[in-house]
Amino acid sequence: MKPLASLPTVFALLLFSLASLHLPPSWAASDSAYDAFLRCLTNRTQPSDHVSDIVYSQANSSFASVLVSYIRNRRFNSSSTRKPLVIVTPTREPHVQAAVLCSKELDVHLKIRSGGHDYEGISYVSDDAFFILDMFNLRSIDVDVQGETAWVQAGATLGELYYRIWEKSKVHGFPAGVCQTVGVGGHLSGGGYGNMLRKYGLSVDNILDARMVDVQGRILDRKAMGEDLFWAIIGGGGASFGVVLAYQIKLVPVPEKVTVFRVEKTLDQQATDLVYKWQSVAPSTDHGLFMRLLLQPVTSKTQKGQKTIRASVVALFLGNSDQLVAITDKELPEMGLKKENCTELSWIQSVLWWDGFDSGSIPAPETLLSRVDNTNFLKRKSDYVQTPISKANLELLWKKMIELGKVGLVFNPYGGRMSEIPASATPFPHRAGNLFKIQYSINWSEDDPELEKNYLEQARSLHSFTTPFVSKNPRSAYLNYRDLDIGTSTNGKNSYEEGRVYGVSYFNDNFERLVKVKTAVDPTNFFRNEQSIPPLPK
């Protein structure tokens with residue numbers, strides 16, 4: 001069931017009012033950063049733009065609400081979290097160009113935020129003095145059904161994109177994430193995946209063109225930027241190379257009716273047999289069938305006071321329920337799927353079902369236009385599995401999860417189209433040879449530093465425990481499941497060596513090509529963050 005949206009804003013504003021602003025000495029006790037930035041921006045834009053309306057200083061009464069509106073992880077909204085000197089919220093592309101050039105001129109770090117869903121908050125948090133370039137106003141979506149394409153700006157959300165496609169066509173969709181408030185800019189530039197990846201690949205496998213602002217303040221499309229830079233921003237993380245303004249995407253066909261289901265089993269219902277078999281079936285079955293597997297320690301309903309593991313298979317099938325049950329009866333009878341477990345609905349309804357409306361009635365598609373999100377404290381990590389985990393090792397995994405108590409796992413199957421695309425086609429390298437991706441997931445709602453410490457340790461402990469079961473040399477990870485535990489860069493003289501640690505995990509053999517592109521287009525490393533692509537050392 002879709003959880004009721006929390007009311008984080010009031011809480012966040014209270015925190016903000018208590019927050020230390022951590023002003024650097026050069027800007028301390030004044031609005032000089034704001035004044036200098038606004039003067040520069042005014043000089044580089046048209047008088048009719050009224051740029052003072054889109055720039056927020058810390059003294060502005062709306063500053064806190066603008067800042068917290070797109071903070072999606074409460075871990076990074078505390079009284080000690082460093083705040084930006086200025087937030088700029090462009091409404092036109094030239095505002096982005098000016099913001100880049102003025103940040104350079106003032107030598108202030110620029111962070112770029114499209115939806116705020118970066119798991120480690122690096123689009124709106126920094127250890128040094130910084131500005132935020134907040135893209136949420138740049139949200140236009142232009143769908144061309146006849147050409148089966150769409151241009152979508154970076155500040156649009158996935159929900160808005162799906163809705164605008166549905167407005168024009170009931171038999172088209174786009175392969176991207178299942179969380180509807182995620183921003184298009186970060187999602188697509190980091191790879192982007194959803195429940196149609198086995199049929200159509202990643203979001204970046206369906207990008208045709210892009211528009212971006214480079215370090216020189218120029219607007220470039222695919223032709224102007226060249227194939228190397230275009231390649232880099234479709235999976236390599238756009239924020240290392242410039243500011244992505246928009247992507248042109250290729251729409252994909254979807255049936256008028258699709259099928260969804262959720263089946264749950266606990267250990268006393270032979271969940272171990274189901275999970276073991278799932279590992280070989282889910283990555284090899286019909287390309288139109290995506291079966292996500294959720295694993296969570298829960299209280300047993302049959303053994304009082306005991307914990308067990310609940311295995312939940314949540315699925316989308318691009319076909320009808322009769323076709324689906326025929327497949328699962330043959331390939332995964334351990335799941336025990338019956339036609340009455342299945343629901344046939346339109347693709348846009350399945351989007352809502354996957355976003356949490358999986359019990360009761362499906363709301364109207366307009367629900368996808370909401371940007372209200374349920375914001376909690378959270379931590380995520382990731383891994384890739386290339387050989388099935390044995391039943392004996394699954395039993396050990398269950399024991400460890402029950403011992404830890406809260407952290408859950410999400411297995412996302414690959415195979416299908418994912419195995420057909422070369423690892424070097426985009427910066428995202430995790431293709432053939434990967435059975436499934438693991439997401440380590442833990443959420444909590446209490447603002448308690450000791451609790452946070454415990455939950456972060458749970459995630460790290462489980463990640464350490466699974467080392468023998470996952471990819472090696474390198475131990476791979478998914479960029480959009482941002483995890484600063486892998487390594488960070490100080491963006492100083494050792495940035496290449498530091499960047500290689502996390503870069504090889506995220507990009508494998510594609511890391512060196514990304515470094516070459518970075519060196520060519522941003523040799524001074526203006527566009528940087530804690531896990532950005534470094535330029536080659538001079």
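Glycine 235 sits in the loop between helix H9 (227–232) and strand S10 (243–250), where helices (H or I, at least four residues) and strands (E, at least two) are DSSP runs numbered from the N terminus. With a relative accessible area of 1%, glycine 235 is buried; the term stands for under 20% relative accessible area, whereas exposed stands for over 50% and partly exposed for values in between (1.4 Å probe, protein chains only). The C-alpha atoms of glycine 235 and glycine 191 are separated by 4.2 Å, although these residues are 44 residues apart along the chain. The model is predicted, so to speak of local features a pLDDT of at least 70 is needed, and side-chain atom pairs count only at pLDDT 80 or more, while totals for chains, interfaces and linings use all residues. Residues are numbered from 1 along each chain as its sequence is written, and side-chain values use heavy atoms, with hydrogens and water left out.

Two further residues can be described in the same terms. Leucine 161 belongs to helix H5 (residues 158–168) and counts as buried at 1% relative accessibility. Its C-alpha lies 9.2 Å from that of serine 140, at 21 residues apart in sequence. Lysine 301 is placed in the loop between strand S13 (289–299) and strand S14 (307–317), and its relative accessibility of 86% makes it exposed. From lysine 301 to glutamate 331 the separation is 30 residues in sequence and 29 Å in space, C-alpha to C-alpha.

Most residues other than glycine have a negative phi, and most peptide bonds are trans. Aspartate 107 has a positive phi, near 55 degrees, and is not a glycine. This aspartate 107 lies in the loop between helix H4 (93–106) and strand S3 (109–113), and with a relative accessible area of 70% it is exposed. Glutamate 148, also a residue other than glycine, has a positive phi of about 55 degrees. The loop between strand S5 (141–144) and strand S6 (149–153) holds glutamate 148, which is partly exposed at a relative accessible area of 36%. A cis peptide bond runs from asparagine 473 to proline 474, with omega near 5 degrees. Proline 474 is part of the loop between helix H14 (449–465) and helix H15 (495–507).

Helix packing comes next. Axes are lines fitted to C-alpha atoms, for helices over the stretch in contact, and angles run from 0 to 180 degrees between N-to-C directions. Angles under 35 degrees count as roughly parallel, over 145 as roughly antiparallel, 65 to 115 as roughly perpendicular, and the rest as oblique. Helix H2 (residues 32–43) packs with H4 at an angle of about 130 degrees, their axes being 9 Å apart, and the two are therefore oblique to each other. The axes of helix H10 (residues 271–281) and helix H13 (residues 391–404) come within 10 Å and cross at roughly 120 degrees, which makes H10 oblique to H13. H13 also packs with H14, at an angle of about 165 degrees and with axes 10 Å apart; H13 is thus roughly antiparallel to H14.

A cavity is a set of points where a 1.4 Å probe fits but cannot get out; a pocket is an open set with protein on both sides within 12 Å along at least five of seven lines; lining residues have an atom within 4 Å of a point. Grid points are joined across faces, edges and corners, and a volume is the space filled by probe spheres set on the points. The count comes to one cavity of 30 Å³ or more. The largest cavity holds about 80 Å³ of space, and of the 13 residues lining it, Tyr162, Ala176, Gly177, Asn195 and Val351 are the closest to its centre. Helix H12 (residues 347–354) gives the most to this lining, with four residues. By class, the lining of the largest cavity has nine nonpolar, four polar and no charged residues, with Ala, Val, Leu, Ile, Met, Phe, Trp, Tyr, Cys and Pro taken as nonpolar, Asp, Glu, Lys and Arg as charged, and the others, Gly among them, as polar.
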